[in-house]
Amino acid sequence: METNMNKRGFGSDNNAGIHPDIIKEIISVNTGHVIGYGSDIYTERALGIFKEQFGSSTETFFVFTGTAANVLSLSGITRSWNSVITASTAHLEQDECGAPEKFTGCKVLTVDTPDGKITTDLLERHMHGFDFEHHSQPKVISVTQSTEMGTVYTAAEIRKIADFAHDRGMLLHMDGARITNAAVSLDLPFKAFTTDSGVDVLSFGGTKNGMMFGEAICFLKPGLSADFKYIRKQGMQLSSKMRFISAQYIAYFRNDLWKNCASHSNAMAGILEERLKQFTEISITQAVQSNGVFVIMPSEVAEKMRNHYFFYPWNEKRSEYRLMASWDTTEADIEDFIFLLKKELK
Ligand SMILES: Cc1ncc(COP(=O)(O)O)c(C=O)c1O
């Protein structure tokens, strides 16, 4: 038997396991039969929680993955001649294998950002060709909250982008795969920086923060979701055993489990950042506002460290690496990482 099996690392919050309260809830609903495909009391309860969190007109649909949440969100609000504008670092641009283009038919246009955050100034360059049949029609701006760089938009920044979109007849989508880390960082209720800040459609993630699987698509603006049930089914994301996604969300919101998990992972990233600051050989490249720490370190040291603790290179040319904290990261993990780093840097 290996002794170091399943050692925690800093690779991804996806690499962490499932919170025991989520597992318990899955087991607790695992008795008897309920009607499939979402016509069950657990799904009714879970959908009600989303209305409490995001506003009474919120229409929520569960899907299996974050990619599906993004792609189907966009499918619900675009036609194939539209374009979707996002940061060049966005998951939907970098890590979805072209699925947004394949399933929506839309052109994905990008803006380069220093920190993963789109601004209205950056968006200007794509604001042309409206009503011109030779040009894809800009329809959606997609922001990620918290971003792939670990940074967080303020509610005012979201509002500004939403107003910019709406003034041009466009919509604002938010990829909230790590929305809980942003909520904790901002110390705001979800509604304040989504529905109340003009977000139209949200991909709400749970998997990275203690759930097993199951993301939610929340239509925050009334009237956008009329045909969505067909889009989800055609998109092969209608779960027959929906109660097991719904139960996870019931547990996730009970006693603020989501908040405890996200507060913990953000706090661990903060401690990691503080401890890394002692090394002159290492520079931190992004503001640590959620659960990610981006560092430049000598690549030969990083390679040695990656044998101790798994983590990903972010930009190999710059020798930049991403260290992610998770709901189950411990201070002892960080202390051991720092201890080994000290040795490898000698
Ligand atoms: C910002 C962001 N969006 C969405 C996703 C969802 O991805 P998946 O389809 O792997 O669940 C991820 C996962 O890494 C992510 O980092």
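1. Which residue in β11 is the bridge partner of Val-293? In this predicted model, the partner is Leu-323, and the pair belongs to strands β9 (residues 292–296) and β11 (residues 320–324), which run antiparallel to each other and are joined by five bridges.

2. These two strands sit within an open sheet of four strands, ordered β8-β9-β11-β10 and paired in the antiparallel sense. Because β8 (283–284) and β10 (312–315) each have a single partner strand, they form the edges, and one side of each is left without a neighbour in the sheet.

3. Helix α11 (residues 257–276) packs on this sheet, where it touches β8, β9 and β11, and its direction makes about 20° with that of β9.

4. Helix α11 also meets helix α8 (residues 179–186): their axes come within 9 Å and cross at roughly 75°, and since angles of 65 to 115 degrees count as roughly perpendicular, α8 is described as roughly perpendicular to α11. On the α8 side the contact includes Thr-180, Ala-183 and Val-184, and on the α11 side it includes Trp-258, Lys-259 and Ala-262. By class, the residues of this contact divide into four nonpolar, six polar and one charged.

5. The ligand deserves a separate point. Its surroundings consist of Asn-14, Thr-65, Gly-66, Thr-67, His-91, Thr-144, Glu-148, Asp-175, Ala-177 and Thr-207, a shell that divides into one nonpolar, seven polar and two charged residues.

Key: Residues are numbered from 1 along each chain as its sequence is written. This is a predicted model: local features need pLDDT of at least 70, side-chain atom pairs count only at pLDDT 80 or more; totals for chains, interfaces and linings use all residues. Two strands pair if DSSP finds at least two bridges between them. Two residues are in contact if their C-beta atoms, placed from the backbone, lie within 7 Å. Axes are lines fitted to C-alpha atoms, for helices over the stretch in contact, and angles run from 0 to 180 degrees between N-to-C directions. A residue is near a molecule or strand if its C-beta atom, placed from the backbone, lies within 6 Å of it. Ala, Val, Leu, Ile, Met, Phe, Trp, Tyr, Cys and Pro count as nonpolar, Asp, Glu, Lys and Arg as charged, and the others, Gly among them, as polar. Angles under 35 degrees count as roughly parallel, over 145 as roughly antiparallel, 65 to 115 as roughly perpendicular and the rest as oblique.
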